[in-house]
Amino acid sequence: MIELAPLSMRPHDVIDTPGHHHWRRLGLQAAYYGLCSVLMLMFLFPILWSLLTSFETAAEASASPPLYWPSRFSLENYRNLANYGQGIGRYLGNSAGVASMTVLFTLVLATLGGYGFSRFTFPGRHALFMLILATLMIPFQSILNPLFVLLRLLHLQDTQLGLALVYTTFQLPFAVFMMRNAFDAVPRDIEEAAVLDGCSPLGLLLRVMLPLVGPGLATVALFAFFGSWNELLAALILISDSRAFTLPVMLINAQSGQLGSVNWGLMQAGIVLSIVPCAALFLLLQRYYIQGLIAGAVKA
Amino acid sequence: MLALLGLRAPRGRAGLLFILPCLAVTTLFFIVPLLMTAWMSLNNWPLLGHPSFTGLKNYLDLFHDASFWGSVLFTVKYTLVVTPAIFLFAFALALLVHRGVRFVGIFRTAYFLPVVIGMTTASLLWTWLFNDQVGIFSAVLMDLGWIDEPVQWLGDTYSALASIVVMVLWKAAGFTMVILLVGMQAIPVDLYEAASLDGARWWAQVRHITIPLMRRTFALALTMSFIGSFLAFEQFFVMTRGGPFNSTITVVHWIYRASFTYFKLGYGAAMSVVLLLMLLVLSAVQLYLLRDER
């Protein structure tokens, strides 16, 4: 559940004064929770509706007008999806491969970079940090044409590695910023002791510091995962071989339909598969996600 | 701090080594492409085959390209509609869930959940909800007897725009809500307590305490969603494919089409440079609005 730092309690929340105010207060409370719940249903409905439909038979899922409740439970849409194109396993694998490489590269580069910016003084430190942050002001959408040319030149076109490197680059400004802050928050006497014990800078980072910046790492990893798992435009441009399609690109193609007809049940199964990892990671680790969001916002 | 300088100074070189990897990747995949965008924009650059230098021709063509400026105009229109819509909705949500009452965490989580779903997935999902044959919206309205035949929600420009704004509200309001919540909770509680003792009702407190003290957060939330909306692509690419009659094409969509449907990478690069300049202006405005006044 999204918890924010000390929540303000207004005086009127605290005391429930008895008497004729009591009924009015109860009514207000009912109205409040009613409104919040209706809104919650509105936000969750599209997801739940898609989930329900994905478990209908293919025929019922494409029925017009749509059914409000399926006649029976079926995995037909998921079976159809499993056999779609190269098989859903390939596209899921592509997306998972690109996402895990992006997460890994981002973690390694941002940890090293954040540590370097936080703990060392060297000429141009401030300018280089600003340079990396400044790339945030330039939309990645405006450098995709050269990236297409560049990846072809490097023979990285249609590869998971190429796409992951591009995604990593897009993640770096935020990730380095996040990790520098995480290292800044670690008290310096911890390292002093380790240095006196003869620890090398890299050993210091790996053995002493890394365990202390866990939350920062979690935040960076989450943003890198969401960023790469959900990205469409760069994948559309940099991947042209249908065997290398990521999940969003594959779903776009499936929605375009074969011979003009869309298999709506299959689409819902695909949409559910694309939502599940994001929703699960967010629900499990939302504290870190929200922290990253707040840190990014405060910086601006 | 000063005592540590002695410890840190000799390790200066090592510092450079630590930042070298991320610097290298940023240079290769960001700085170099950025310079290449500028260079490509001065060339006739086909998808395959050799580029040829054409100077400012792409920019001159661009200047007279009504469809590009049409896409700029549409993007501005979309941004001007969706930004205040997200802001007002998110502000209402934030007011609703900013108190620490029971279950409030569950509500916040539910309102935020669509943010982590990809824009592509969200667009595909809502295309289905809006579909006239199999979509739930038309079906429910017909069963209620409010309409006689299914509505083509995405069929004409304004109804498509409105439909996409509804989808984006669902998808993005939670993000702005959290930004606003952070600002809202930075306001000292005693201000509300004092106002409450003076007999100020809820709305008076919102008007005279919350809103004036959140100016900076408002500026942040508005500029962030303005910039985000200006770069809109997926929702239009998926939900309207730019139609009907190319009336809902955004700038990014148009750059993509010029570059990879018409294979004019140089021309697309020139458009990218224009987009980039527009975004730099927006970022400068953002920095100006968020400058530290103290």
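Biologist: In this predicted model, what percentage of the 294 residues in chain B do buried residues make up?

Modeller: Buried residues make up 42% of the 294 residues in chain B, a chain whose secondary structure comes to 14 helices and 2 strands.

Biologist: Where two helices meet, as H4 and H8 of chain B do, at what angle do their axes cross?

Modeller: The axes of H4(B), residues 66–97, and H8(B), residues 157–185, come within 7 Å and cross at roughly 50°, which means that H4(B) is oblique to H8(B). The crossing in which H4(B) passes H8(B) is right-handed.

Biologist: Which residues meet there?

Modeller: On H4(B) they include B:Tyr78, B:Phe87 and B:Leu93, and on H8(B) they include B:Leu161, B:Thr176 and B:Met184. By class, this contact has 21 nonpolar residues, 1 polar residue and no charged residues.

Biologist: And how many residues does each chain bring to the contact between chains A and B?

Modeller: The size of an interface is often given as the accessible area lost when the parts come together. Counted by residues instead, the contact takes 83 from chain A and 84 from chain B. Helix H14 of chain A, residues 264–299, gives the most to the side of chain A that touches chain B, with 13 residues, and that side has 59 nonpolar, 18 polar and 6 charged residues.

Technical notes:
Residues are numbered from 1 along each chain as its sequence is written. Chains are lettered from A and ligands numbered from 1 in the order in which they are written. This is a predicted model: local features need pLDDT of at least 70, side-chain atom pairs count only at pLDDT 80 or more; totals for chains, interfaces and linings use all residues. Axes are lines fitted to C-alpha atoms, for helices over the stretch in contact, and angles run from 0 to 180 degrees between N-to-C directions. Helices (H or I, at least four residues) and strands (E, at least two) are DSSP runs, numbered from the N terminus. Angles under 35 degrees count as roughly parallel, over 145 as roughly antiparallel, 65 to 115 as roughly perpendicular and the rest as oblique. A crossing is left-handed if the near helix is turned anticlockwise from the far one by less than a right angle, and right-handed if clockwise. Two residues are in contact if their C-beta atoms, placed from the backbone, lie within 7 Å. Ala, Val, Leu, Ile, Met, Phe, Trp, Tyr, Cys and Pro count as nonpolar, Asp, Glu, Lys and Arg as charged, and the others, Gly among them, as polar. A residue is buried if 20 or more other C-beta atoms lie within 10 Å of its own, exposed if 12 or fewer, and partly exposed in between; C-beta atoms are placed from the backbone.
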